[in-house]
Amino acid sequence: MARKVRTTVGYDGHFKDLEVDIPEGEPAPWDARSALTLVSQRVPRVDAVLKVTGRAKYTYDVHPPGMLYAKILGSPHPCAKITKLDLSKARALPGVKAVWSEKVGKKLLFQGQEVAAVAAVSLDVAEDALKLVAVEYEKRPFVNDLEKARKPDAPQVFDSGPVPPPRRVPSGAEVTHAGNVRTIVATQPPGVDIGKALAQAEVLVEGTYRTQVQTHSALETHGTVAKWEGDHLTLWSSTQGTFATRDQIAEALHLPKDRVRVLCDFMGGGFGAKLNAGPYSVIAARLARDARAPVKLMLDRKEEHLATGNRPDSAQWLKLGAKRDGTLVGLHLKSYGTPGVGTGAGVSGPARAIYKIPALRTEESDVFTNAGEARPFRAPGHPQGCFALEQAMDELAEKLGMDPLALRKKNLKNPVQVAEVERGAALCQAWRGRGRPGAAKGVVRRGVGVACGVWYHNVNPATQVQIDIHNDGRVEVKNGAQDIGTGTRTFMAQVAAEEMGIPLDLVTVRMGDTSLPIGPGSGGSCTTPSIAPTVRAAAYQARLKMVGVAAKLLKAAPDELEISGGRIHAISDMARSITWKQVAARIPGDKVSVLASRAAEYQVFQEQVGGVQFAEVEVDTETGQVRVRKVTAIQDCGRPLNRLTAESQVNGGVIQGVSYALFENRQLDRTSGRMCNPNLEAYKICGANDCPDIEGVLVDVSNAGNNAGVSGIGEPTTVPTSAAIANAIYNAIGVRMRELPITPDRVLAALHKGGGR
Amino acid sequence: MNRFEYVIPKSVDQVVALLKGGAVLKAGGIDLLDQMKEGTIAPTRLINLNALAALRYVRTDATGLRLGPTATLAQIAADGAVRGRYAALAEAAASAANPQIRNLATVGGNLCQRPRCWYFRAAEFPCLKKGGPTCFAKEGENKYHAIFGGGPSYIVHPSTMATALCAFRANLHILGPGGKTREVPLDKFFTLPTIDAYERENVLAADELITEIALPAPPEGTRSAFLAAKERQVHDWPLGEVAVFLTMRGETCQAAQVVLGAVAPIPWRAAGAEAALAGKRVTADVAAAAGRAAVAGAKPLHGNGYKVALMQALVARAVHVAAARRS
C-alpha cells in the first residue's frame with residue numbers, strides 16, 4: 001500500500017525534510033540519517049580476484065566445442081557500389097565452413113562497412129579466404145570533411161535510402177534538412193527572441209570552438225560467439241545491452257525473443273559503443289546457422305575504429321551575454337558536427353542544463369559524411385558543449401572583471417554544485433595561488449583552470465530483480481543486465497546484504513544473462529539508478545518473508561523483529577533470536593523467491609547531478625607540449641553505493657577527459673577518405689605517464705526519488721575535463737585554445753599568432 | 001599473415017647462406033611482424049637472429065664501444081659504460097618505444113626498421129615506398145612528416161638509435177654472401193628517397209647482415225645529450241629528436257656533431273648548428289644560435305610547420321644540456 005514518509009534530503013550542512021509518496025512494496029528511502037554498514041562504504045569488487053587472476057571469462061575466452069572463427073571483409077572505400085562479387089574461391093578453400101555477403105548493387109557509405117564474411121576452422125584460414133573474395137567496386141564521390149559536406153554541391157551521403165532519424169528533438173523544435181545538413185532549432189523559453197535578449201546584455205562574448213572525432217576504443221573489441229541448438233540461439237557478447245542485443249537479433253533473424261539468449265559475464269569496456277547488437281552479431285549468427293557450428297566473430301582494432309561508433313566532431317559558435325553584475329541574460333549557440341552516416345552531433349546539453357539562462361536559442365546541425373556512424377559516447381554532446389561553454393564563461397568572467405567561480409556560482413542552477421565549486425576551491429591550492437592569465441614567466445608555464453558539468457538522472461523502468469533465499473541461507477540476486485566493468489555486481493550484493501542484515505559473503509549475484517529478469521542497457525548512466533532500488537525492493541520483500549518465517553519460530557509478531565549481523569531477533573530483546581541460516585532451513589519448500597520491479601521515481605531533492613573540476617597544467621612554450629599535473633574533481637551522484645568504484649569512475653572519467661583534451665583524434669585522409677590511424681599507435685590514448693594526479697571527491701547527496709537515493713556517475717566525470725584543461729592553458733600562457741585536441745602544433749601556432757610568448 | 005619457413009640458425013655463416021629468395025632476418029620482430037600482419041610484406045623465410053647469442057653484446061674497450069646487432073635497447077640503456085661515455089646513446093635507447101618493446105627490440109632492427117608513415121603502414125595505400133606511384137603525404141595528412149630532405153617521398157626515418165649513433169660517428173660491420181665483409185660509416189648507410197631507392201632507406205642488400213655497430217672512443221672532454229619531443233609521454237613516435245656530441249675544452253666547444261631525428265628521410269646532420277658551435281663558448285645565446293642554424297633551410301609541408309620552431313628549441317636545449325654535463 002502506498003504511503004507518505006518524511007525523509008531528510010540535502011547535502012552537508014544543508015539538510016531539510018521532504019515528504020515523499022512511497023509506492024507499495026517499497027521500503028522508505030535511505031537518507032542522511034540511515035546508519036548503513038555495507039552501502040556507501042569502501043567495498044572491494046566481489047569479482048576482483050577473478051579478474052586479476054584471469055579466471056574471469058570474457059567473450060574472447062569463450063570456446064564452445066567445434067567453434068569456428070569468422071572474419072569480416074570491410075569496404076576499402078568511403079563510398080562505392082558493389083558491382084561484382086564472387087565467393088566461389090573463398091567457399092572452396094579447405095577449412096571454410098560458411099560464407100556471407102552483401103548483395104551486388106549495394107551502395108556502401110563508409111570505409112569498413114561490411115561486404116562479406118567467412119567462418120573457418122581458424123582465423124588464419126578465414127583471413128586467407130577473405131583474400132579470395134573477388135569484389136569489384138564502382139567508386140562514388142565521397143565527402144568526409146565537416147566544412148566540405150555543408151556545401152550545396154557536396155556529394156549527397158544519403159542520395160537514396162533512409163536518413164537516420166535525430167536522436168533527441170526538444171519539444172517545439174523545428175527540424176529542417178537540406179543536402180547533408182539536418183538542423184534542429186530550439187528556443188527556451190519557446191519562441192524567445194534571442195536577438196532582443198542579447199541586446200539587453202551589458203557584456204557579450206562570442207567565439208568559435210572546434211572538437212574532434214573520438215573513437216570509443218574500449219580495450220575489449222566488439223564481438224560475439226554464436227551457438228545454435230536446434231532453433232535456439234545463444235550469443236556470448238561483449239555488450240552494454242544484453243536485452244537490446246537479444247531483441248535486435250530476434251528481430252533480424254525472425255525468431256521469438258525466448259529463442260535467443262544473450263550472455264555477458266564480464267565486459268572489457270564499452271563507453272556507449274556497445275548498446276546494440278551490431279551487424280557483426282547478426283553475421284555471426286547467420287554463419288553459425290549455415291556452418292552448423294558455433295562461430296566466434298571478434299572485431300579487430302581497425303574495424304573497431306572504422307565501424308563501431310565514435311563521438312562526433314563539432315564546430316560551435318556561441319554568443320553569451322550578461323548584465324554587469326554577472327547575471328546571464330542569453331545564449332545563442334550554433335553548431336555543426338558530423339555523425340558520419342549516423343546521427344546525434346548535437347552539443348546543447350550543457351547550455352540547457354548547467355546555468356540559469358533566461359533566453360536560449362540553439363541551432364544544431366548533424367552534417368552527414370561518408371564515415372562510420374556516431375554512437376552515444378560517455379555523456380553524448382556534453383564534453384563538446386562544455387569545452388565551448390565553459391571557455392566562454394571564463395572569457396565572460398575576464399571581461400566582467402569577475403572571479404570565474406563567482407560568475408559560475410551566481411548562475412548555477414543546482415545549489416549542490418555551488419557547494420562543490422566552493423569545496424574544490426578550498427581543496428585546490430593552485431587555484432587559490434593562481435596568477436593572472438599569461439602572467440606566468442619562463443619556458444614552462446603553470447596554469448590552473450576550472451569547469452563545471454552536469455548530467456541527468458536517468459532510469460530504465462523496465463528493470464526487475466529476483467532474489468532467491470535458499471534453505472542453506474545463501475542468497476542469489478538476479479538481474480540479466482551486464483556489469484560493464486563499473487562494479488554493478490558488487491553494489492547489487494552490497495544493497496541486498498545491507499537490506500537483509502546479512503553478511504556480504506552469503507550473497508551471490510547472477511547477471512549478464514537474458515534468461516534472468518530484465519535489466520537496463522548501460523547507457524545514460526542509468527544502470528545503478530535502475531538496478532539498485534530494484535535490488536533493495538526485492539531484498540525488502542524477501543526480508544519480510546524471512547521475518548514471517550522467523551516470527552513463527554520465535555512466537556513473535558513480525559513487526560517485533562529485525563535482522564542484523566545475520567541474526568533475526570526481537571527489537572526489544574536481542575537475546576530472543578535465531579540465526580539467518582536456522583530460519584532459512586525452515587523455509588517452506590526449498591526457497592523464498594521474490595521478483596520486484598523498478599518502482600516509479602517519486603519526489604526528489606535534485607533532478608541532476610553535477611560536478612566541477614580544477615585542472616593544473618604545465619605548458620612548454622618552446623615545444624608546445626602540455627602536461628596535466630593534477631585534476632581535482634568534485635562530483636555528486638546522490639548516494640554513492642560503493643566509494644571505491646564511484647571514485648574509480650571519477651578517475652576513469654578524468655583520464656578519458658585528459659585523453660580527449662590532448663591526444664585522441666580520428667584522422668581521415670583528405671584525398672582517399674580513409675582513416676590514417678585505425679590502430680592504437682597513431683590513434684593516441686592517454687597512457688600511464690600522461691595521467692595527472694587525480695583527487696576525486698564525492699559529495700554525498702541525500703536525494704530521495706527512489707529507495708536507495710542513487711544516480712549514475714559513469715558519464716558526468718568526463719564532461720568538464722577538457723574545458724578545465726583549456727582554461728588552465730589560458731591561465732598559463734594567456735592564449736586561448738579553441739580546438740581539440742590541444743597538441744604541440746596547435747599550441748605553438750596559437751602562441752605565435754597570439755603573441756603570448 | 002602469409003605462411004613462411006622459420007629457421008633457427010646455428011651460425012652467422014649459415015645466416016648469410018640462408019638469406020636469399022625472399023628470406024628476411026627476424027630479431028626482436030617488432031617491425032617485421034607489424035608489416036606481415038598488415039600484409040604489406042610476405043617473406044618466405046624468417047631467420048631468427050635471436051638464436052645466435054654471440055650477436056648480442058655491449059662491449060667497451062680501448063677502441064671504443066662495440067654493439068652486437070641484437071643487443072636490445074633495454075640492454076644498451078642500462079649499460080654503465082654507455083651511460084657514462086655515450087650518454088646520448090643511452091638516453092636515445094631509453095627514449096624509444098616502451099619498456100616491453102625495449103626488452104625485445106634490437107639495435108640492428110631499430111636501424112633497419114621501415115618507415116612509420118601511416119600511408120606506408122596501411123595496405124590500402126600503394127605509396128611510393130611500397131612501389132606505388134605517389135607519396136600520399138605530400139598532399140595529404142603530413143603532420144608527422146619530413147621538413148628536411150623530403151621529396152618525392154616525405155617519410156621521416158624512424159630510428160631513434162640512428163640519431164644518436166650518427167652523432168657518435170658509428171661504423172657498421174656488414175657481412176655478405178660468400179663471407180664478404182665491408183664497413184660502412186653510419187651516415188653513409190642511410191639513403192634519401194632517390195629514383196633507384198624509393199623502396200629502401202639504406203644500402204644494406206637483401207642478402208647482407210649487420211654484424212657489429214662500432215663507435216670510436218670519445219676523446220677527453222666530450223659530452224653528449226639526446227632529447228626527444230613527443231605528443232605523449234608513453235610509447236609514441238617523436239615529433240622531433242636531436243643528439244648532440246660536443247668536444248669541449250673548458251667552456252669552449254671545439255667541435256660539435258648535431259644530428260636531428262624524425263624530421264627527414266634519413267638521420268639529418270645539422271651542419272649549420274655544428275658550425276655555429278665550433279670554437280664558441282657555449283652560452284645561452286650560442287645554443288640559441290645553434291638552434292636557429294639547425295632549422296635554416298627547413299622546407300615544411302602544409303601540416304608540419306610547427307616542427308621548425310620545435311626543433312629550433314630542442315637543439316638549443318640539447319646543446320645546453322650537453323655543455324652543462326661533466327665529461
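**View 1. Gly501(A), just past the end of helix 14.** Start at Gly501(A), which sits just after helix 14 of chain A and takes a positive phi of about 70°. Keep in mind that everything shown here comes from a predicted model. How many of the residues of helix 14 of chain A are buried? The count is 13 of 13, and the helix is mostly covered.

**View 2. Arg543(A) and its contacts.** Now look at Arg543(A), which lies in helix 15 of chain A, residues 527-554. Its side chain makes a polar contact with the side chain of Glu499(A), at 3.0 Å. Which residues does Arg543(A) touch, once those up to four places away in sequence are set aside? They are Glu499(A), Met500(A) and Ile563(A).

**View 3. Inside the largest nonpolar core.** This core has 91 residues. Those with the most contacts inside it are Tyr355(A), Leu396(A), Val617(A), Leu662(A), Ile725(A), Ile729(A) and Ile742(A). Helix 10 of chain A (residues 382-400) gives the core its largest share, nine residues. Another core lies apart from this one; it has 51 residues, among them Val477(A), Ala551(A), Trp580(A) and Ile587(A). As a bit of background, nonpolar side chains tend to be buried together in soluble globular proteins.

**View 4. Zooming in on Leu662(A).** What does Leu662(A) meet when its neighbours within four places in sequence are left aside? It is in contact with Val626(A), Val628(A), Ile725(A), Pro741(A), Ile742(A) and Thr743(A).

**View 5. Where chain A meets chain B.** Here 36 residues of chain A are in contact with 30 residues of chain B. Between them the two chains bury about 2800 Å², with 49% of that on carbon and sulfur atoms. Across this interface there are 18 residue pairs in polar contact. On the side of chain A that touches chain B, the elements giving two or more residues are helix 3 (123-131) and helix 19 (744-754).

**View 6. A salt bridge between the chains.** How many salt bridges does the rule find across the interface of chain A and chain B? It finds eight. Arg317(B) forms a salt bridge with Glu622(A), and the closest N and O atoms are 3.1 Å apart.

Key:
Residues are numbered from 1 along each chain as its sequence is written. Chains are lettered from A and ligands numbered from 1 in the order in which they are written. This is a predicted model: local features need pLDDT of at least 70, side-chain atom pairs count only at pLDDT 80 or more; totals for chains, interfaces and linings use all residues. Side-chain values use heavy atoms; hydrogens and water are left out. A nonpolar core is a set of buried Ala, Val, Leu, Ile, Met, Phe, Trp, Tyr and Cys residues joined through side-chain atoms within 4.5 Å. Buried means under 20% relative accessible area, exposed over 50%, partly exposed in between (1.4 Å probe, protein chains only). Helices (H or I, at least four residues) and strands (E, at least two) are DSSP runs, numbered from the N terminus. Contact means heavy atoms within 4.5 Å. Buried area is the accessible area (1.4 Å probe) that two parts lose on being put together, summed over both. A salt bridge is a side-chain nitrogen of Lys or Arg within 4 Å of a carboxyl oxygen of Asp or Glu. A polar contact is a pair of N or O atoms within 3.5 Å; within protein, one must be able to donate a hydrogen and the other to accept it, and residues adjacent in sequence count only if both atoms are side-chain atoms.
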